[in-house]
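Q: Hi, I'm new to this one and would like a walk through it. Could you put it up so that we can look at it together?

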Amino acid sequence: MQTRKVTGFTDTEEGGVQLTDVVPFLVGDWEPYVVQDGLLITGQNPASSGPAADTLIALTTAQAGSGRIGR
């Protein structure tokens, strides 16, 4: 994952689920946030589920239009 762009829970969000020692970086609290890096799509938190799904749908729609799905 060193060369990939991803997102994850903030320290505050990790504290809410008692995992502050797991994620060592900060992003905005409880806001939907999605990062796409090629075929990798990550969402910051549960609020990001809908936007992540929208990103996946857009990606697969674009690939279907280009004939690239499954390659």
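A: Before anything else, a word on contacts: two residues are in contact when they have heavy atoms within 4.5 Å of each other. Among the contacts in this protein between residues at least 6 apart in sequence, 29% join residues at least 24 apart. Please keep in mind that this is a predicted model.

Q: Okay, and what is the average pLDDT of the protein?
A: The average is 83, and 87% of the residues score at least 70. Among the elements, strand 1 (residues 34-37) has the highest mean pLDDT, at 95, whereas helix 1 (residues 11-16) has the lowest, at 79.

Q: What pattern do the elements follow along the sequence?
A: The order is α-β-β-α, from two helices and two strands.

Q: Let's look at helix 2, then: which of its residues are buried?
A: Ala52, Leu59 and Gln63 are buried in helix 2. They lie on the same side of the helix, because they cover an arc of only 30° around its axis. In general, an α-helix has 3.6 residues a turn, so residues three or four places apart point the same way.

Q: And what covers the buried residues there?
A: The cover includes strand 1 and strand 2 (40-43). On the other side of helix 2, Asp54, Ile57, Thr61 and Gly65 are exposed.

Q: What follows helix 2?
A: Helix 2, which runs over residues 49-66, is followed by Gly67, and the phi of Gly67 is positive, near 75°.

Q: Switching to the whole protein, how much of it is buried?
A: Buried residues make up 23% of the 71 residues, while the protein exposes about 5,000 Å², of which carbon and sulfur atoms supply 57%.

Key:
Residues numbered from 1 in each chain as written. Predicted model: local features only at pLDDT ≥ 70, side-chain atom pairs only at ≥ 80, totals over all residues. Heavy atoms only, no water. Helix = DSSP H or I, 4+ residues; strand = E, 2+ residues; numbered from the N terminus. Buried < 20%, exposed > 50% of the residue type's maximum accessible area, 1.4 Å probe, protein only. Areas by Shrake-Rupley, 256 points an atom, 1.4 Å probe, with all protein chains shown as cover. pLDDT = per-residue confidence, 0-100. Expected span 1.5 Å × (residues − 1). Arc of directions from axis to C-beta.
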